[in-house]
Amino acid sequence: VSNTTPNPTSPRNGPTTPVKGSLTSPSNIVDLNLLSSSTILLTDDGDPIPALYLHRPDGKLPPHVYQTADDAYRAMMHGIEIDKFVKRGGSSRSLRPVSSKKSLGDKSNGGIADQFEIPTNQSILVSGESGAGKTVTTKIVLNYFAMLSRKLQEAMLNNDNVEDSRSSNTADSVANGGIVSPRSLIMGYGTNGATRRSRQNSCGDESSSLSGKDASIEQQVLQSNPILEAFGNARTMRNDNSSRFGKYINIAFSEKGQLLRASIDTYLLEKVRLIHQAKGERNFHIFYQLLQAASEEEREDLFLNDFTAKDFNMTNQSETYDRRDGIKDADMHKEMVDAMQVMKFGSETVRQLMRLIVAVLFAGNMTFSTNKSSSGVDSCALEETEASLAVAHLLGVSFDNLAASLTSKVIFVSGDIIHKGLDVGQAEKANEALIKSIYGAAFDFIAERINASICAGRGGVMNGSSDGSKGSSLLRRGVSEREQSIIPPGGASIGVLDIFGFETFETNNFEQLCINYTNETLQQQFNKFVFKMEQQEYEREGILWKFIPFPDNQDVLDLIAKPRSGILQILDEQCIVDWGTDRKFGLSLYQNCTKHNRFSVTSSQRVNNKFSIEHYAGYVEYTAENWLEKNKDQLPAASVELLESSDFELIGQIKKYVRSEGSKITTKSLGKQFSDSLKILRARIDSTMPHYVRCLKPNDDLAPDTFDPKNIVEQLRYCGVLEAVRVSRAGYPTRYPHDVFYSRYFPLCPDRSRDSGNLSPYHDESTDNLSEDQKQLKRLVSRVAAEVWQLEHDVHLRRLEAERRRLGTNTTVQQQPKETNNRDALARPETIDEFMRLDFSSRCAVAGLQLGKSKVFLRREAFESIEAIRNGKFGANVTKIAKYWRRYLARRYFIHVCRCAVKIQCLIRSSQAKEKTNELMKEFKQYLLMKEASRKILRSYRNHIAWNNEGADLRQKKAAVKTIQ
C-alpha cells in the first residue's frame, strides 16, 4: 500500500505492508513473503483493524489498505480546514508543509503560492493484474469511509453543542501545521472514543430489514457492490469474482467529514463474454444466481420450469457452473435483491430486470434455418422453438416481428428503406448484437438507478445528479458536471478507481487492447506523478540530485491512440468506409505501424491477421478479427425497430442507452469514446491527490499459502514499483517553501540573527549579497542540519551501546569503518566538530536536507527527525507554559479559597456571637425576673415583719391602755 510513493503490497489476504530493505528483487521478495504470513487481515468479525488504524499512533502500525484510506481522508479534511481557515482571513502560506504530492504537478514558471497549494479532493487508484484483489480492496476502502462517516454522525448526534469549540481547536491545529485526523474529528464531538463493533458486511446483514427509505447513505454506497458485481463480474481463469468492467466511485463529504452522497461511473463492460467464454470461465454472475435462486412462481412466470445453467448456450459452453471460492450463487442472489431494495429499485423493477435476464438467456438458445430461394440467394428463418417464443413473450414483441428483425437487414439508400434478407451466419450475428445491446443497456440502466439513489444522499438530489437521460457510462458523456454537482459547498470528495487489470490470454481481441490501453494510461500517470515531475522539480530547484532512469510508455500510448497514425484511428477509418473489413484493417496496421519499435508482426501473424504490442507488462499478441464490428458496437436498425414496438415497460426505459444505426450517438466509435473517457479520467485524477494501492498475485493457481517469487518479481518490475521505491528513497518527499519552512521551524534557532553558533566557524558562509531574511533562513537550515545530525548520532551511539551490552559488558564492540552516505558519497562524521568542518552543502546533504531556490527539501528520515525535535521543543514549552499556568490557577484558587475561608470564618464567628448574645440576653432576662421576684419577696417579707412588729407594739399599747383604764 502506498500514499505519496507507491510501494508493493503483500498478495496474501490483499494489500498489507510495503517493501523494506534493499532494492534488489530477491530482498523485496523475501520481505513480501514474510509480510504475506503476517496476521494483518482485510476482513474481521469484530472490526478491530479499521478501528486500530482509525486510532493509530502515527508511525506505530505497518502500512495497510486501511491506512491508505485513512491517509486520503486525513488529507481531504486537512485541505477542507485549510480552505476554511483561509476564508476566515488566514494565510495559507503559514499553515502547512508542501509534500511531493502537489509539487510534482507544479509549473516551472509558477509562483510559490501556486506551487504551495495542495488539492483538497483525493483519489485512490487500485491497480494490479486480474485476480490480484482489486475488487476486494475497493470494498475495504468503501467500508472504511462508511465506518468513519457513521462514527462521525453518531458523535454529532451525541453532542450538538461543541461545533464552535471544535472549529477553533481545528483552526489552531491547522495554524500549527497539524493534520486533522478522523480520530480528532470524532473525539472532538464528545464521544468517549470507544470503538463500536461493526462487521465488514454489516450493511449487507441489515439490508434485508431496511428499505431504501430507511437505509443510510453509507449503507446505500456499500450496497451498490452486490448489484454491480452480479451484472458486471464473472469467473475467469484467474479470479472467481473478476470485474469485467471498470468503475470510478466518487464519494462526496461535507466540510465536517460526513459522507453525503456518491456517484459511480462505469467503463467498457465486456459484453463479448455474453457470447463466448473460455473453458474454466463463466458468464456474468446474474445468470447463475437467478437460475439457482428463482422461486417456483418466478420459474413459472419466466418459463424457466426445470431449466438449469446446463440448458442454456450462454452458460454451458464452458462447462463451468460453480465458483472455486465456495460462495453460493443463491446466497449472492438474495444479497443482490436485498441490495436493490435498499437502493430503491422497487419490487416491480427487480422483477422486470429478472424477466429481461431470462429473455437474454433464451435468446442465446434461438436457432435459424436456411431457406433456398429460386434466385439462388440463401436466406434464413427463425425457428419457432420454445426459446424463440419465450424471447418474444418476455420482450413484449410478436414472434413475427422478432423473426423479421433478426433475419433481415434495413438499408438506408437516398432516404429510402430497403429490407435485405440475411443468411444464417448474419442472423446469428444480429442475434448476438441484440443480446449484447439489451444487456449493455440494462447494465447502464442499473448503474444510473444506483446513481439516482446515492447521488441524492443527505440533503436532497444535487442539480444534475439524477438525469437519467445521460446514462452512467463514461462512454456516453463527460463526468465533470456530475462530479462537481455532488460536492457540497465547502466539502470535498475522494474517488476510488477500480479498473480492470492488465490482461493477456491465448486469444486477445479488441476488448483486451482497450483494457491494456487503460492500464498503459494509468501507468503513465503513475510514472509522471512519481518519476517525471519529481525529478523535474529537483532540476528546477537546483539541488544535488542524481537522475534515476525510469520506464516511459508514452510511445505505447502513441502507438494505440495517436491521432492519424494510432491503431484506434486506423480502426475508425476502416469503420467509416463501406468497404472496410478486418483483413484490410490488419493490412493497414502492417503498413503504418511496422516501423514502430513497440509494434511487431511475424510472417505467420500476417497470414492469420495478428500482431503484437510490447506493453509495459510484456508482449501481447492480438488478433484483428471482428474489430470493426466491435468498434462500431451498433444495434441493427431492424432490431431497433423491434425494441420500439415492444410493450415491455423496461425496454422503453433502457432503449435510450442502445447504440443504434443512424442515431446521433454513433458519431463516435466505441474506441474513440473509450479513448475520450480515459482522457476525462486522467484529467480527474490529475486534479486530485492520488494515493496508490498495488495489488500483487502470489501465484497464478489461486492456491492459498503459495508464494511464487518469479511471479512477484515480474509484477514488481512491470508495474514500476522497484523504480518507485528507488526514487522515494533517493528523493525528498517533503518540501516547504522558504517562508513556510522559516515560520514552522524558527523556534529551533532562537539566535538566528547572528552567525555564531549557527554557521560553521571553519568556513566563511556569510554571504553579503543575501537579504537579511535569506541569511536567517540559511542560519536556520544550518542549525536544523546540526540538530538532525546530533539526534541521529545519539541514536547511533545508543545502538552501539546496546550491541555492546548484548555481547557482554566486558566485550568491546569492534570499531566499524566510517559509514558512507550512499546518496552523496560522504562519510558520516563521528563528532560535532567533524560535522561542522564540512561546508554548508555537505552538512545539509549528510543531514538529509537541501536548500533549493524556492523550497527546502527534506528526506523522510530528516523530516521525521526535525518534527521530533520540533515536537520536543514544543512539548517542553507547552510543559513550561502549562506549569506556570497551573501555578497561576493554583495561586488564584488559593487566594480565592483564603478569601472564602475568611469570609466563612467571619460568618461563622458572627453566628456564634449572635448565639452567645442571645444566650446572654436570655440569662439577663432571667436575672431581671429573678431580681424582681426577689424584690417582691423581700418587700413582702419586710411588710410581714413590719406588720408583725407593728402589731406587737399596738398590742402593748392596747394592753397599756387597758391597764391604765
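A residue is called buried here when its relative accessible area is under 20%, and exposed when that area is over 50%, with partly exposed residues in between. In the predicted model described here, helix 34, which spans residues 840-847, is mostly covered by this criterion, seven of its eight residues being buried. The buried residues of helix 34 are F840, S842, R843, C844, A845, V846 and A847, and the helix is followed by G848, whose phi is positive, near 90 degrees. Helix 11 (residues 285-293) is likewise mostly covered, with seven of its nine residues buried, namely H285, I286, F287, Y288, Q289, L290 and L291.

A nonpolar patch on the surface is made up of I881, W885, Y888 and L889, which together have about 430 Å² of accessible area.

Side chains of opposite charge can pair when their charged atoms come close, and the structure holds 27 salt bridges. One of these salt bridges joins the side chains of E867 and R744, with an N to O distance of 3.1 Å; the pair links distant parts of the chain, since E867 lies in helix 35 and R744 in helix 31 (residues 738-745), 123 residues apart. Both partners fall under the 20% cut-off and are therefore buried, E867 having a relative accessible area of 12% and R744 one of 10%. A further salt bridge, at 3.3 Å from N to O, is formed by the side chains of R805 and E801, which both lie in helix 32 (residues 772-807), four residues apart, or about one turn of the helix. In this pair R805 counts as exposed, at 60% relative accessibility, whereas E801, at 27%, counts as partly exposed. Salt bridges that share partners also join R235, D240, D322 and R324 into one network; within that network, the closest N and O atoms of R235 and D240 are 3.9 Å apart, and both R235 and D240 are buried.

A search of the whole structure finds zero disulfides. For C898, the nearest cysteine sulfur is that of C900, 9.2 Å away, and C898 counts as partly exposed at 30% relative accessibility, whereas C514, at 3%, counts as buried.

Notes. Residues numbered from 1 in each chain as written. Predicted model: local features only at pLDDT ≥ 70, side-chain atom pairs only at ≥ 80, totals over all residues. Heavy atoms only, no water. Disulfide = S-S within 2.5 Å. Buried < 20%, exposed > 50% of the residue type's maximum accessible area, 1.4 Å probe, protein only. Helix = DSSP H or I, 4+ residues; strand = E, 2+ residues; numbered from the N terminus. Patch = residues over 30% accessible without salt bridge, like charges linked within 9 Å, V, L, I, M, F, W, Y side chains within 5 Å. Areas by Shrake-Rupley, 256 points an atom, 1.4 Å probe, with all protein chains shown as cover. Salt bridge = Lys/Arg side-chain N within 4 Å of Asp/Glu carboxyl O.
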